[in-house]
Amino acid sequence: VVIAQLATSVVFGGIALLVLGAYSRPHFVRGLTVPLLKFGIPLLPSFACVWIDAAAGRFGLEAYSDLSAVGLFLLASQFAGIMGLMASSVQNALLPQFLREATGRDASTNLGTMVTRFLGLFTLLAIALMLFAPSMIVVISAPTYHGAALYVGPLSLAAFAYAARMPISWSLTHSNRPGT
């Protein structure tokens, strides 16, 4: 997993450098080195914690279960992963508007409305996953893997909690800013 993540990061980093190279000229600014390191180095433990959190379930299953249980978990996590993928996409698309609204008049009301809509959308998605994913697992998989349907509910709730944390933290951070 680590090697695959490293390889994909290198490939997509190279592609990003090629694309961005047409729009900018990279150069070294000595005065920015220390501030960037002060900002970036504390993110390394955060990255490690996020990676461990994402992979901990699988490591636990591999250590204490057979390959069949790992297969059930991974099949169910593919369905719950739909919510994580959508949450990341919507959060990235929503952040600029969220920050714009945070500086406007009636920021608390507007941000509350955005958070409520976001949570409502993902609540509906979680309910849909818990209702329809077990049937889809039965339709698309061999009978050996039908037990994966039991994992969809808890994994969907965990993915919902992941999705819900970001707009709530944005709201707590930006809704009562001094001077707005």
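A residue counts as partly exposed when its relative accessible area lies between the buried limit, under 20%, and the exposed limit, over 50%. Keep that in mind as you explore this predicted model.

**Stop one: a loop.** Select Gly 147, which sits in the loop between helix H5 (107-140) and H6. Is Gly 147 buried, exposed or partly exposed? Its relative accessible area is 27%, so Gly 147 is partly exposed.

**Stop two: the largest pocket.** Next, look for the largest pocket, which holds about 890 Å³ of space. To find its centre, select Val 50, Asp 53, Ala 54, Ala 55 and Ser 77, the closest to that point among the 24 lining residues. Then colour helix H3 (43-64), helix H4 (67-102) and helix H6 (149-174), each of which gives two or more residues to the lining. Which helix gives the most? That is H4, with nine residues. Colour the lining by residue type and you will find 14 nonpolar, seven polar and three charged residues.

Finally, select Val 11, Phe 12, Ile 15, Val 19 and Tyr 23 and show their surface: together they make a nonpolar patch of about 570 Å². Zoom in on Ile 15, found in helix H1 (residues 2-21).

Notes:
Residues are numbered from 1 along each chain as its sequence is written. This is a predicted model: local features need pLDDT of at least 70, side-chain atom pairs count only at pLDDT 80 or more; totals for chains, interfaces and linings use all residues. Side-chain values use heavy atoms; hydrogens and water are left out. On a 1 Å grid over the protein atoms alone, a cavity is a set of points where a 1.4 Å probe fits but cannot get out, and a pocket is an open set with protein on both sides within 12 Å along at least five of seven lines; lining residues have an atom within 4 Å of a point. Grid points are joined across faces, edges and corners, and a volume is the space filled by probe spheres set on the points. Helices (H or I, at least four residues) and strands (E, at least two) are DSSP runs, numbered from the N terminus. Ala, Val, Leu, Ile, Met, Phe, Trp, Tyr, Cys and Pro count as nonpolar, Asp, Glu, Lys and Arg as charged, and the others, Gly among them, as polar. Patches are made of residues with over 30% relative accessible area and no salt bridge: like charges are joined within 9 Å, nonpolar side chains (Val, Leu, Ile, Met, Phe, Trp, Tyr) within 5 Å. Accessible areas come from the Shrake-Rupley method with a 1.4 Å probe; for residues, only the protein chains shown count as cover. A salt bridge is a side-chain nitrogen of Lys or Arg within 4 Å of a carboxyl oxygen of Asp or Glu. Buried means under 20% relative accessible area, exposed over 50%, partly exposed in between (1.4 Å probe, protein chains only).
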